[in-house]
Amino acid sequence: MKPQVVILGGGFAGLAAASQLGDRYAVTLVDRGADFEYLPNLHELVSRSKKPRSLRLDRGRLVERHGHTFRQSEVVAIDPELRQVRTGDGGILPYDALVVATGSAVSSHGVPGVAEHALALRSIAEGVEIGTRLKQLADDGGTRSVIVVGGGFTGVECLGEILRRYRQRRGLDVRLIEPGPRLLARQPRVVHRELRAVSEECDVELLFGESVAGLEPGRLHLASGSWLRTDLTLWTAGGAPSPLLAAAGLAAPKEWAPVRRGLQSRAHDDVFIAGDSAELRHRVSKQSYQATAMGRRAGKNVARLLAGRELKKYSPPDEQLLITFGYLTGFYVDDDVVLEGAALCLARELLFQIGMAELDRPHRAGARRRLLKRLGDAARLGALPAPLLSLMPQPFARTPRDRFDLPSLPRVLKWRGAGSALEAAGASAATSGRVGQVAGEQAPGVLRVLGPKLLK
Ligand SMILES: Cc1cc2nc3c(=O)[nH]c(=O)nc-3n(C[C@H](O)[C@H](O)[C@H](O)COP(=O)(O)OP(=O)(O)OC[C@H]3O[C@@H](n4cnc5c(N)ncnc54)[C@H](O)[C@@H]3O)c2cc1C
């Protein structure tokens with residue numbers, strides 16, 4: 001009989017783990033949702049610049065492509081002693097090796113009223129609801145108040161998308177509340193300074209050092225004592241681990257699950273943790289490319305464990321970030337190199353298109369059709385930055401509304417601690433080499449994915 005492998009969660013990490021396991025194993029992937037949702041671009045639903053169909057893929061198809069079984073069900077318990085998983089539909093799945101990749105959930109941080117009176121952005125359904133509510137508020141003619149809670153990646157990207165669509169609607173008062181002193185606290189300060197300048201130019205009120213004490217219908221209570229009127233509150237104040245981890249003894253209550261160097265749980269040898277759920281000894285950011293890399297390593301290590309071979313260590317990829325601010329501007333952050341400009345948003349769109357095509361390879365007619373729809377939706381709904389549209393010939397050209405609609409070249413905001421022209425030149429050569437290396441790594445994947453389409 002084949003060894004049984006169960007994978008919990010079919011997001012970036014779970015699917016990547018499944019892709020590494022061949023038909024020598026009986027693999028079952030369990031997820032509560034029928035569709036894989038591409039979370040890193042969810043914020044574009046806020047401005048309705050992406051269609052839901054562009055962000056989802058049939059999960060069963062992605063899993064069955066590798067010869068594995070997909071089970072759509074809620075996981076309700078993991079029993080590492082009995083080596084089995086229980087699902088909400090009464091199923092019991094025994095395993096020889098388990099991969100836990102349940103991602104993260106919304107955390108209210110114990111603030112009352114969040115679930116009832118705020119919207120979070122963790123799924124396509126929530127993104128669509130936010131996009132619809134914003135449009136209603138913008139169209140209804142009165143003065144409406146929109147509050148984004150949280151100045152991390154999701155809060156900043158949501159704010160950018162609100163401004164992308166509605167920055168010239170006078171009826172929307174937009175605020176962002178962040179308990180810390182700046183936006184994107186873990187990124188270089190210049191990113192915060194630039195984001196603050198753009199936000200203030202668009203009349204956004206940024207409240208730093210303020211936290212939310214509670215939410216009631218139509219109003220929000222700040223810990224400092226005042227109340228703010230709100231017609232729509234977006235809650236982006238961080239994620240929390242699935243309670244399954246602590247209940248199974250894989251993590252302390254409300255903590256991520258600590259792992260060893262090969263992503264094996266510290267508590268059980270036959271359990272691997274990948275993606276957002278895992279707590280590495282050296283912390284990495286909870287990002288999709290980390291989740292994918294962890295999933296691949298966990299999948300490979302499951303095979304090694306079952307073959308009695310030594311596990312390999314997980315080496316996290318270098319942290320490079322592309323942050324978009326609603327096509328008003330974007331940032332590329334690589335340690336202490338920061339580039340800024342709306343043109344960088346195009347790179348982000350390219351990464352999205354490649355990411356989706358990597359998951360749903362266009363070598364079959366169905367996948368090719370879906371790729372073409374995604375590209376068509378992108379062109380129609382505004383994946384092209386407004387500056388590019390203003391350069392298009394009639395009838396495609398759009399009249400620029402403000403400076404953000406005018407073409408501009410990316411600029412360098414920060415270039416290591418270069419003290420002299422010579423140092424800057426040296427750093428510049430090193431970074432060009434790095435960018436070239438990344439492009440070289442991506443090129444075969446791009447050609448593999450788009451090649452069949454281009455050659456057709
Ligand atoms: C709005 C937003 C914007 C983001 N932007 C970026 C970005 O720009 N760049 C970037 O790299 N990353 C970004 N991220 C982070 C990135 O999406 C995550 O790091 C990544 O999705 C983690 O992958 P994962 O596989 O660990 O978890 P997930 O992708 O969250 O997948 C977990 C899966 O487990 C399933 N699951 C959980 N519990 C259960 C259960 N009990 N029973 C059954 N199924 C269950 C869920 O349904 C889900 O499908 C963003 C995330 C969000 C929400």
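Q: Which domains does the shell around the ligand draw at least three residues from?
A: From each of domain 1 (4–32 + 73–105 + 239–306) and domain 2 (114–235). Those domain bounds come from an automatic or database domain assignment.

Q: Before we go on, what are we looking at, and how's the numbering done?
A: This is a predicted model, where local features need pLDDT of at least 70 and side-chain atom pairs count only at pLDDT 80 or more, while totals for chains, interfaces and linings use all residues. Residues are numbered from 1 along each chain as its sequence is written.

Q: OK, back to the ligand. Which residues come nearest?
A: G9, G11, G103, G275 and Q287, out of 33 residues around the ligand. A residue is near a molecule or strand if its C-beta atom, placed from the backbone, lies within 6 Å of it.

Q: And which elements give two or more residues to that shell?
A: They are α1 (12–19), β2 (26–31), α6 and α9 (288–306). Helices (H or I, at least four residues) and strands (E, at least two) are DSSP runs, numbered from the N terminus.

Q: Switching to the core. How many residues are in the largest nonpolar one?
A: It has 114 residues, and I7, V99 and A274 have the most contacts inside it. Helix α6 (residues 153–166) supplies the largest share of this core, seven residues. A nonpolar core means a set of buried Ala, Val, Leu, Ile, Met, Phe, Trp, Tyr and Cys residues joined through C-beta atoms within 7 Å.

Q: And what's the cut-off for buried?
A: A residue is buried if 20 or more other C-beta atoms lie within 10 Å of its own, exposed if 12 or fewer, and partly exposed in between, with C-beta atoms placed from the backbone. Buried residues make up 40% of the 456 residues in the chain.

Q: What does V99 touch?
A: Leaving out residues up to four places away in sequence, V99 touches I7, L8, G14, A17, F272, A274, A298 and V302. Contact means C-beta atoms, placed from the backbone, within 7 Å.

Q: What's the strand order in the open sheet of five strands?
A: β11-β18-β12-β13-β14, with parallel pairing. The edge strands are β11 (119–120) and β14 (205–208), each pairing on one side only. Strand β13 (residues 172–178) is joined to β14 by four bridges, and R175 stands opposite E205 in β14.

Q: How about β6 and β7, parallel or antiparallel?
A: Antiparallel, with four bridges between β6 (residues 75–79) and β7 (residues 84–87). A77 stands opposite R86 in β7. The two strands form a hairpin with four residues between them.

Q: What's in the loop between β6 and β7?
A: R83 is one of the residues there, and its phi is near 55°, a positive value in a residue other than glycine. R83 counts as partly exposed because it has 18 C-beta neighbours inside 10 Å. E81 is in that loop too, and E81 is exposed, with 8 other C-beta atoms within 10 Å. The C-alpha atoms of E81 and A248 are separated by 9.4 Å, with the two being 167 residues apart along the chain.

Q: Last one: where is Q264, and is it buried or exposed?
A: Q264 is in the loop between β20 (257–258) and β21 (271–273). Q264 counts as buried because it has 21 C-beta neighbours inside 10 Å. Not counting residues up to four places away in sequence, Q264 touches V259, D269, F272 and L311.

Technical notes
Two residues are in contact if their C-beta atoms, placed from the backbone, lie within 7 Å. Two strands pair if DSSP finds at least two bridges between them.
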